[in-house]
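Okay, thanks for making time, everyone. Let me put the structure up and then walk you through the bits I'd like us to look at.

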Amino acid sequence: MPRDSNAEAGSRWDILTKTGAGTPMGDLLRRYWWPIAGASELERPGTLPVRLMGEDLVLYKDLGGKYGLLDRHCRHRRADLSYGYVEKCGLRCNYHGWLYDADGSCLAQPYEDMAHPEARLRDEIRIKAYPVEELGGLLWAYLGPEPRPLVPNWEFFSWKNGFRQIVKAEIPCNWFQCQENSIDPVHFEWTHSNWSLRLGGTTGPYTPQHVKVDFNEFDYGFQYKRVRTDTSEKDRLWTVGRVCLWPNGLFTGNHVEFRVPVDDENTLSVMWHFSRVPREREPYVQNSIPTWQGPIADPVTGRWITSHVMNQDFVTWVGQGHVADRSLEYLAPSEAFIEGFTRAEAMANPLARRGLQGYIFQTGQPAEVRAAFLAAMGFSEAEATADPRPFDALAPAAR
């Protein structure tokens, strides 16, 4: 197959990777809801700076409990509204006190309202504003035209008797090379299973190899299936497979990973993770879903962290550059999650044991989240870590 010229390849990939307003992909992506924060990050009224598809914004929760998403800069003197303060209704600029509602209207201009009340200058002022909704412990933003669609209420958001957590990481590369990884089953063999083995200091035996993969499009994205040398077409990874949710998600059974474009060279990784508690812990109700930020680089060496599943993905994504140069690629053909289990079954299952030893997907889980997880599962730290074998010696999580 002839390869595209650099100009042809560059033009085609620009369409997929550029997300700013007015670009083809940017306008398309603005027609979807995007998870931009965990609700627990604004449990109390306050502000949170956000950058989404090249737009600098401020997310806030006012004293009345209402969320808003506004232009980061005040319409008056362009002051940074992430340093503003919330009122009973809206967000007030800390420079001259201009007050904005969630719809972008200006509710007050203290000096102008006092000195020139007849002018009603505030009636002429609006600021860029976008709707925000809470679902599944996440705060979602919509930047597109009306009528807006419903926030995607995926089935897993309604699962009961589970400990949920939200993990964020800021990745210095384009969103598309993160999301295309969502439909690449073969990489798990090498990026996770075999690489983890080598990082652990051993050279084999390597994990079973992929012998067959297949892909299907459905209403909400794509399904990928695979057969390895240790499985057949009767295995769930072939009969059911995994799904890539268009345009931004990967769902693998007990967690979903969202790739959120910050701008054309940066991506926010947002993972929503569900851990089913043992049946002895039912009914379990979680009042607040913790949100934490996972580090991606070693502060001492400056090298990317490689010890955890998602961190290994991050290494492969950023290794392609801020925006991958596709003209240089040479392409080749290439479940107790919700039903429940007992404590004894959890202790006997290698994958469940691996999860009890520590959070396997990203490094940096805060101690208080670890403690809350163990409390939800009904295990002490000593019980959870009784098996001395490291993560890599236990069965790898299937993706």
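So, let's start with Ile183, which touches Phe215, Phe222, Tyr224 and Cys244, leaving aside residues up to four places away in sequence. Before I go on: this is a predicted model. Ile183 sits in the loop that runs between helix H4, residues 175–179, and helix H5, residues 186–199. Buried or exposed, then, or something in between? Ile183 comes out at 23% relative accessibility, so it counts as partly exposed.

Phe222 belongs to strand E14, residues 221–228. With 32% relative accessibility, Phe222 counts as partly exposed.

Trp246 and Pro247 are joined by a cis peptide bond, with omega at about 0°. Pro247 is in the loop between strand E15, residues 242–245, and E16. There's a cis bond from Glu282 to Pro283 as well, where omega is near -5°. Pro283 falls in the loop between E18 and strand E19, residues 291–293.

While we're on backbone angles, a quick reminder: most residues other than glycine have a negative phi, and most peptide bonds are trans. Now look at Met53, a non-glycine residue whose phi is positive, near 50°. Met53 is in the loop between strand E2, 46–52, and strand E3, 55–61, and at 1% relative accessibility it counts as buried. Asn161 has a positive phi too, about 60°, and isn't a glycine either. You'll find Asn161 in the loop between E11 and E12, and at 15% relative accessibility Asn161 counts as buried.

In general, nonpolar side chains tend to be buried together in soluble globular proteins. Here, the largest nonpolar core has 45 residues, and the members that touch the most others are Leu52, Leu59, Leu69, Leu138, Leu139, Phe156 and Trp272. Which strand gives this core its largest share? That's E11, residues 138–142, with 5 residues. To see what the packing looks like around one member, take Leu52: among its contacts are Trp34, Ile36, Ala141 and Val260, not counting residues up to four places away in sequence. There's also a second, separate core of 29 residues, including Ile171, Phe341, Ala346 and Leu374.

Another element to zoom in on is helix H7, residues 309–318. Of its 10 residues, 9 are buried, so the helix is largely enclosed by the rest of the structure. The buried residues include Met310, Phe314 and Trp317, but also Asn311, Gln312 and Asp313. What do the buried residues of H7 pack against? Strand E12 (162–171), H4, H5, E17 and strand E18 (266–276).

Okay, charges. The count of salt bridges comes to 17, and I'll pick out a few. Arg72 pairs with Asp80, with the closest N and O atoms 2.9 Å apart. Glu282 is partly exposed, at 33% relative accessibility, while Arg276 counts as buried at 8%.

Then there's Glu381 with Arg370, where the closest N and O atoms are 3.0 Å apart. Glu381 is in helix H11 (residues 381–384) and Arg370 in helix H10 (residues 367–377), so this pair ties together parts that are 11 residues apart in sequence. Glu381 counts as partly exposed at 40% relative accessibility, and Arg370 as buried at 11%. And if you like networks, Arg30, Glu55 and Lys128 are linked in one made of salt bridges.

Last stop: Asn254, in the loop between strand E16 (249–251) and strand E17 (255–263). Asn254 has 14% relative accessibility, so it counts as buried. Its side chain makes a polar contact of 3.2 Å with the side chain of His255.

Methods: Residues numbered from 1 in each chain as written. Predicted model: local features only at pLDDT ≥ 70, side-chain atom pairs only at ≥ 80, totals over all residues. Heavy atoms only, no water. Core = buried A, V, L, I, M, F, W, Y, C linked by side-chain atoms within 4.5 Å. Buried < 20%, exposed > 50% of the residue type's maximum accessible area, 1.4 Å probe, protein only. Helix = DSSP H or I, 4+ residues; strand = E, 2+ residues; numbered from the N terminus. Contact = heavy atoms within 4.5 Å. Salt bridge = Lys/Arg side-chain N within 4 Å of Asp/Glu carboxyl O. Polar contact = N/O pair within 3.5 Å; in protein donor to acceptor, adjacent residues only side chain to side chain.
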